[in-house]
Amino acid sequence: MAVRRLPAALRAGTGLPGGWRTVAIVAIALSPIPAFVFSMLLGSYGLSVGDVFGIIWSRIIGTEAYESTVYAVFFDIRLPRVLSAMLVGMSISVAGAALQGVLRNPLVDPYILGLSSGAAFGAALAIAVLPWLPLQLSAFLFGLLAMGIAYSMARSGGRVPIVSLILSGVITSAIFTALLSIVQISAHERSLQTIVRWIMGSFNAVTWSLLSTSWFLMVLGTIVMIALRWRLNVLALGDDEARSSGMNVERYKVVFILCAALVSAVGVSIAGIVALVGLIVPHMARMIAGPDHRTLLPLSAALGATYLVLVDDIARAALGYEVPLSIITTLIGAPFFWLLLRSTKASGWE
Amino acid sequence: MNQVILEVEGISARYGDVTVLQDVSFAVPRGAIVTLLGPNGCGKTTLLRIIGKLLAPSAGRVRVAGQDLATMNQPELARIVASVAQGHRTSFPFTVMDTLLTGRMPYVSVFASPRQADVLLCRDMLDWFGIRHLEHKAITKLSGGERQLVMIARALAQEPRMLLLDEPTTFLDLRNQVRVLDTIDRLARAQDLTVLMTIHDPNQALAYADRAVLLRRLAPLEGIDPAAADHRLPATSTIATGDPVVVLDPVNVMEAYGVAVDVIEHAHRRLLVPSD
């Protein structure tokens, strides 16, 4: 088989065997497009595939081929929601893949450094205690604060050992969870329910104004991580090995952790805590394509976008009411992941 | 400057209160194979890490290609010196080629990935080691000897002028030990590569090295109270440096390892065997 001219992503490597690997990678890379179209036609206001293209086309050329309610539902309600789901899914998955590489640990997801507990506390604060505080901003800032605390706790002598970082994250999470509990037991019933729902994750509060302040950071952080992705291969061999081959290890760790933190914090501030996505999507991508981060990160981006938008479709359209995202990602994602783990010989991590 | 690629001057090192190295000095000429020997705990690995700028000494200076190590940054050093640590363990099943490509780090610009030229260079490296057939195999599925060769090849992908190897033959069976050492020997001769490696077996030093540095262990022997008034640290960790035959004579070997050895000459080769 002539492999010399193929780009790195399609060359034979570890992961699924040969031909299957190529097919799977191409399929996943293209999947966001049909996922987008499918999501846009789904909803209480049903549309067909033709309608979806028709609506977009008519808006581009400036005609009013459909009723105004159709345009309102399509562009003002559905589109920001679908785009948010894809952006958040993409960025959290890339962040998870990057962190697993930096920390050389398969159990890591973007929430590990205290992000989810910090953000949950920030949200609870804004909901129950300080109503003048904007919810998204509070979640975002407290999420980053928690990660910053975990990072500085772990840093000693100019270096940040990985085990220290993970332990500091555990400690910080515990602290903020305790603070969250304090807010929860002293809150009104209604505030409490709002807090709990927020923590379980949902895209139903997404508007264009919310998206417009958030998309840039998510896209920027994701682009930076993808641009630097080969460096993760070097880091993955070990700190000393990476240093010996000339890499400024601490600087790259900071850059990756910062980007992962930023995009995840933005994602959490929009949608609440979406459990397991940042952990499972990179693993699935790694099982398919192998550990080479040059393929892994872009693949995780595509897979994450498709995965989360389909999950959100289930959340808003499967039952008569909004199902929180974490319930779906856990109930469907975890068993699916377990099945995948059992069926593939190459686990992507040994 | 052209003749001497490494100068170690008065290097001392400490871990907390414990002094591990004391006043070590030697020079490594270009293109030579130099072995560092000594008992466990004599600071061989520490010394190698200091030279690779992974650890700071408590005293002394290292000069690489004439330049003080303290004034060099990691990327600059990586173009001159490449290291291979002891026994490499990895969690990721990278292919051999992907592993080798990470050695190209000093030559890949910030937002880029390795290019075809880098891949071709790594392929040449694999050919040279006779392991080209392993190119797409996961390194987690290789034998210890094959993996060691891959890690050495990876260090060479950095195109260094000097290679630092920490016990390259530990954990290897006899066949692989010979294979690795012969390859190192071939490299040094063919590519004017300087090699500094730590070795356990004095006979390997006698067989392959141009120069030897023999270190003693500073920590007190068992049963001696380190705080006792009459215990003093030796003035230097170094027992002897120079021609391996001269350095590894029975007197020095006794001082370093506490073992009496006999010298055997056989077929133009010199061997040390423990005395009865």
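1. A residue counts as partly exposed when the number of other C-beta atoms within 10 Å of its own falls between the limit for buried, 20 or more, and the limit for exposed, 12 or fewer. In this predicted model, B:D23 has 16 C-beta neighbours inside 10 Å and is therefore partly exposed. B:D23 belongs to strand β2 of chain B, and its phi is positive, about 50 degrees, although the residue is not a glycine. As background, most residues other than glycine have a negative phi.

2. A second residue to look at in the same way is A:R104, a residue other than glycine whose phi is positive, near 50 degrees. A:R104 sits in the loop that runs between α4 and α5 of chain A, and because 17 other C-beta atoms lie within 10 Å, A:R104 is likewise partly exposed.

3. The strand β2 that holds B:D23 is part of an open sheet of four strands in chain B, arranged in the order β2-β1-β4-β5 with antiparallel pairing. The edges are taken by β2 (18-29) and β5 (67-68) of chain B, each of which has a single partner strand, so that one side of each has no neighbour in the sheet.

4. Within this sheet, β1(B) and β2(B) are joined in the antiparallel sense by eight bridges, and one residue pair to look for is B:E7 with its bridge partner B:A27 in β2(B). The hairpin made by β1(B) and β2(B) has two residues between the strands, and B:G16 in this hairpin has a positive phi near 65 degrees. On the β4 side, strand β1 (residues 4-15) of chain B runs antiparallel to strand β4 (residues 59-64) of chain B, with five bridges between them; here B:V8 faces B:V62, and B:S12 faces B:A59.

5. Which helix packs on the sheet of chain B, and which strands does it touch? Helix α1 (residues 44-51) of chain B does so, touching β1, β2 and β4 of chain B, and its direction makes about 120 degrees with that of β1(B).

6. In chain A, helix α5 (residues 115-129) packs with helix α8 (residues 189-200) at an angle of about 150 degrees, and the axes of the two helices are 9 Å apart. Angles over 145 degrees count as roughly antiparallel, and α5(A) and α8(A) are therefore roughly antiparallel to each other, while their crossing is right-handed. The residues that meet are A:A120, A:A123, A:A124, A:I127 and A:A128 from α5(A), and A:S191, A:T194, A:I195, A:W198 and A:I199 from α8(A). By class, this contact has eight nonpolar and two polar residues, with no charged residue.

7. Helix α10 (residues 229-236) of chain A is mostly covered, since eight of its eight residues are buried; among them are A:R229, A:W230 and A:R231. The cover includes α4 (68-102), α9 (208-227), α11 (239-244), α12 (249-271) and α14 (293-317) of chain A, together with α3 (96-101) of chain B. Just after α10(A), A:G238 has a positive phi of about 130 degrees.

8. As for the two chains together, 27 residues of chain B are in contact with 25 residues of chain A. On the side of chain B that touches chain A, the elements giving two or more residues are α2 (74-78) and β6 (81-84) of chain B, and α2(B) gives the most, with three residues. By class, this side of chain B has 14 nonpolar residues, 12 polar residues and one charged residue.

Technical notes: Residues numbered from 1 in each chain as written. Chains lettered and ligands numbered in written order. Predicted model: local features only at pLDDT ≥ 70, side-chain atom pairs only at ≥ 80, totals over all residues. Contact = placed C-beta atoms within 7 Å. Nonpolar A, V, L, I, M, F, W, Y, C, P; charged D, E, K, R; others polar. Axes fitted to C-alpha atoms, helices over the stretch in contact; angles between N-to-C directions. Parallel < 35°, antiparallel > 145°, perpendicular 65-115°, else oblique. Left-handed = near helix turned anticlockwise from the far one by under 90°. Pairing = 2+ DSSP bridges.
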